[in-house]
Structures are given as C-alpha cells and as structure tokens.
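Please look through the sequence and the 3D structure shown here.

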Amino acid sequence: MTLEMRGIYKSFGANDVLRDVSFSVAPGEICALLGENGAGKSTLMNILGGVLPADRGTVLLDGREAAFKSPAESLAAGIAFIHQELNLVNDLSIYENMFIGRELKTKAGLLDAKAMCARCAGVFERMDVDLDPRAMVRDLDASYKQIVEIARALLMEASIIIMDEPTTSLTDPEIDRVFDMMRILKDQGVAMVFISHKLREVMDICDRYTVLRDGSMVAQGNVSDTNVDELAKHMVGHEVRTQSLRRERELGGEVLRAEGLSQERHFESVSFSVRAGEVLGFTGLLGDGRSELFQAVFGSGGKYQGQLYLEGKPVTVRDTRQAVELGIGYVPRDRKENGIIKDMDILENGSIVTWPRHAKYGLINWRQVKEAFRRQAETLRIKMGAEEDLIGSLSGGNQQKVVLAKWLNAGPKVLIFDNPTQGVDVGAKEDIYDTILELAGGGVAVIVLSSEAQEIIRLCDRAIVMYHGRVKGELPAGEMAEQEIMRIATGA
Ligand SMILES: Nc1ncnc2c1ncn2[C@@H]1O[C@H](COP(=O)(O)OP(=O)(O)OP(=O)(O)O)[C@@H](O)[C@H]1O
Ligand SMILES: [Mg+2]
C-alpha cells in the first residue's frame, strides 16, 4: 500500500508541533523518519496510527483519503504500529498480547490458545529468540518486550508498519535479526517507516529519509546519497563530533567494590571495583545479567550472595532508599516502567530523590528544588513547556533527560547509568556524554551499562564484558574495539 501524508499541521495548545509536513512511503520501501528529540516524529506517526487527530492535512492510502479516528481503525486499514513507549498489557501472556483484538477461535467459537501459541512460536523461531508464548509479559525485561512488540507487528501481516524506535533496548545480534526480517517484509512489498536515533542503523536498513526539525521538514533524499555525519547535521542544524571523548584523568580512591556477587539465574561470582573519577563500562548481549546485577547493587533486585564495599567498608543494601542514603544512584533502563512516575509532573519527576535534602520539618522548599532542576534542564537542553506539565507531555528523549537530571542533582558518590542515552538524539547524546565525563571529573565513580559498543568505547576508561551472568573479559581503554567486545560478548 502506498502511503502519503500531505500538509499535516498539529498543535498542542500554543505549541505548534507539526507545520505543513508531507511524508510518503511506497510498497517495498523503508523510509527513515529522523529528527531531534521533540521534533514531532512520534506525533506525525500517531496521526497516521489513529492515536491523535491532525489539525489540518490529508492522509492518502493508495490515493484514497483516510482519516483514522482510533488505533483500531488504523489497524483495520492494514497499519501496524510499534510504539516508542512499549504498548503491552503486563497482566496478559505474550500470546494474548500478540493477538489482542484479533484472537483466533476454534470452530466451536472458543479461544484457540494452541493455534495462537503456535503462530507466536513460529515468529519467534524466525527471529531466533527463545521466548515461551505463554510467559507473562510482566516477567519480561525491556528488550524482550521490544521483541514481542516487533513480533506482534510481523504477525499482523500489515501492509504498512510504523516502527517508532524499535531497537533502543536491543543488542547488535538481535538488531541484525530484526533487520533480516524487515528485508523479507520489504521483498513482500510491505511499506515501513523506521524512526531511530541510531544513524548507522538508518544507513544500514533504510532506502529513503525525511528529516524533521522543530515540526518542519528540512531534508529528504535517498540514503545511498548521504552519510551519518550529513544526517546528523540535518537533524541538529550543525556539525556533530563523533570522536573519542575520553581524556586522561587523575583517579581517586576506590569507591565501590563488589566481591563474588551471585544471584540465581541472573549473575554469578561477579567481582569488580571502581574508583573515584573513573568511568567503568559494562556491556554484553541480551541475557548477560548486567542490569540484574546493578539492580541488586542498588537494592531493587532481590536477594543475592557476595559482599559490597563502599569506600572500603562492607555494606549491605536492603532497599533503594538505603542505597540513596549511602550515596549510590541508579538511572534505570526502560524509563517507562522504572524511571518515571506517570501521574507526576516534570519537576516532581526530575527531583524526587533530592526532596529529603530540600526539606525542613517535613516541608519541601520547592523554590530550591525548582532552581536545582532548572540548572540541569538547561545543561541537558530539555525541551518542555512548564515544569508543572505532566511528564507524559514530553517526547520520549526529553523524558529520558528528566530522569538523568534527577540523578545528576542527587550528587551521589557512585552513579550507575543503565542505557543512559536510550531514545536520545545525536546532539543530546553528546550533551549527556559531556555531563557524565564532567561528573567523573568531579570525582564521582561512574558505571555505564550499555549494549552499544560505540558508547562504551567513546566514554569508558575500562570495560567489563559479561556473558550469561559472568564476567568474561576486561578491556582497558586502549584495547576496546567493537570486534573485540563482540568476540568476548558472544562467549568466544
Ligand atoms: N500529548 C501531548 N501533549 C502536549 N504536548 C505534546 C504531547 N505529545 C507530544 N507533545 C509535544 O510535541 C512535541 C513533539 O513530540 P514528539 O513526541 O512527536 O517528538 P519526537 O520527535 O517523537 O521526539 P523523540 O525523539 O524524543 O521521541 C514535543 O515538544 C512534545 O512535548
Ligand atoms: Mg518519539
């Protein structure tokens, strides 16, 4: 099906989010939709997906005008939508989620769980992922949820698939498999819209690109005629540097040390230590256990064996409140579930861990809280309306920045970042890297968990590579290379 959007306008109150945007994608074509955080990408796709109405403009499918009043209408027209903020029901199983609204029935009219599970298993097999269709979505980690979302779109046999940052929490081998499947769909004539801040992925899989800046279309063309640097420049409006950022720093004393940390099914005999001013990276493939390891360290991941030392003294972290008191901070991955509180506004979300510091006799000094938040919001260039707006009014990448702002203000001794630049645009990524290095420069011990080899290489003084819950290798800055990291991460 050929899709064409013409002269689309959309405002939220005084905020003109889309101005006269036109966009098209043809059968068998993968078109990238690019732009900084808050440029209007998700909004444009939400209009196509029936989530939001446009103020003006037309949507044409094979030349016929279409206006979707609900996601169900868009879906019925053959448009599948993989949402940026994962859109699964936690209290249902994987197969129930994948068939929601289009359940398969037996001849007798009963739900045919067996057939649905078999169809799911078939897609997972093609994606080469080990998932039980009957498992509850609640028990899945972010990467697997993303895989389920992608699999659901594949199952629908849609003729247009919108992918809004489908790979943010996947690692390279999984991304490769998703791309393989996209190529198959492309050959079958499916039209795809691919939104991503990972420009190398765009170069790899897309045919054409459209760049939005502040709600207007600023560039369009064939991917074969451009390169990563040029795309980045279109997005942010100026050159973006991409060389290594690490500089020699004086390291202080040991801040955090772990000895023989083990937790059944997640990690085993993990030992490491990190010094003041050091940036220590942890990387590996899906299922390497690094997120579970640091959730445990932060007191949010259940019981474990082994011993933690903070500045040389043995500590037991029972819960997150205690972790914060001890000076341990943790920016979680998967912000929708762990990082933000939906019913709170931007300021509350961006300051909650510092409230005790700004409180006297149980009263919070909101003026101080606001000042502190504003400083970080400026450094990180958070694009927002008023601090009192709900966090949900921000674009995905800007929500991520609010979560970062909160922890930067908390002033911890050791700060753990799990996938810190998830969903963040190329320019903002550099701002975040600068901020992390500044923290380290100020004597904070920083731990960065990332599945992006480039992120580890550019940022870290030392990297630990994990495989199936165990430490498989350690690389000093000079020896980090994508191939070497991948070799260790795959258990070779
Ligand atoms: N429901 C809403 N209410 C108010 N403002 C909104 C709403 N949804 C989006 N916006 C605003 O519209 C603008 C564009 O947001 P959008 O989510 O489309 O950006 P995006 O390009 O997808 O960014 P990102 O890369 O961060 O996901 C932002 O300024 C955002 O704050
Ligand atoms: Mg978005």
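Of the 14 residues of α5, 13 are buried, so this helix is largely enclosed by the rest of the structure. Buried here means under 20% relative accessible area, exposed means over 50%, and partly exposed is in between, computed with a 1.4 Å probe on protein chains only. Helices (H or I, at least four residues) and strands (E, at least two) are DSSP runs, numbered from the N terminus.

This is a predicted model, in which local features need pLDDT of at least 70 and side-chain atom pairs count only at pLDDT 80 or more, while totals for chains, interfaces and linings use all residues. Residues are numbered from 1 along each chain as its sequence is written, chains are lettered from A and ligands numbered from 1 in the order in which they are written, and side-chain values use heavy atoms, with hydrogens and water left out.

The length of α5 can be checked. Helix α5 covers residues 142-155, and at 1.5 Å a residue its 14 residues should span 20 Å; the end C-alpha atoms are 20 Å apart, which agrees. The expected span is 1.5 Å times one less than the number of residues in the helix. Just after α5 comes Glu157, with a positive phi of about 50°.

Asp62 is another residue other than glycine with a positive phi, near 50°. Asp62 sits in the loop between β4 (56-61) and β5 (64-66), and its relative accessibility of 46% makes it partly exposed. Tyr361 also has a positive phi near 50°. The loop that holds Tyr361 runs between β17 (359-360) and β18 (363-364). Tyr361 is exposed, at a relative accessible area of 80%.

Helix α4 (residues 113-127) has 15 residues, which at 1.5 Å each should span 21 Å, and the distance of 21 Å between its end C-alpha atoms agrees. Which residues of α4 are buried? They are Met116, Cys117, Cys120, Val123, Phe124 and Met127. Seen down the axis of α4, these buried residues fall within an arc of 125°, so they line one face of the helix. The arc is that of the directions from the helix axis to the C-beta atoms. On the face of α4 turned away from the buried side are the exposed residues Lys114, Glu125 and Arg126.

Ser271 is in strand β12 (residues 267-275) and is partly exposed, with a relative accessible area of 40%. Ser271 and Ala296 are 25 residues apart along the chain, and their C-alpha atoms are separated by 13 Å. Gly284 belongs to strand β13 (residues 279-284) and is buried, with a relative accessible area of 5%. Between the C-alpha atoms of Gly284 and Leu415, 131 residues apart along the chain, there are 20 Å.

Last come the empty spaces. Rolling a probe the size of a water molecule over the atoms shows where empty space is left. On a 1 Å grid over the protein atoms alone, a cavity is a set of points where a 1.4 Å probe fits but cannot get out, and a pocket is an open set with protein on both sides within 12 Å along at least five of seven lines; lining residues have an atom within 4 Å of a point. Grid points are joined across faces, edges and corners, and a volume is the space filled by probe spheres set on the points.

The structure holds 4 cavities of 30 Å³ or more. The second largest cavity contains about 140 Å³ of space. Of its 16 lining residues, Thr168, Lys198, Thr421, Gly423 and Glu452 lie nearest the centre.

The second largest pocket has about 1,100 Å³ of space. Its lining consists of 40 residues, with Thr43, Gly392, Ser393, Leu394 and Ser395 nearest the centre. At least two lining residues come from each of β2 (15-25), α1 (41-48) and α14 (396-410).
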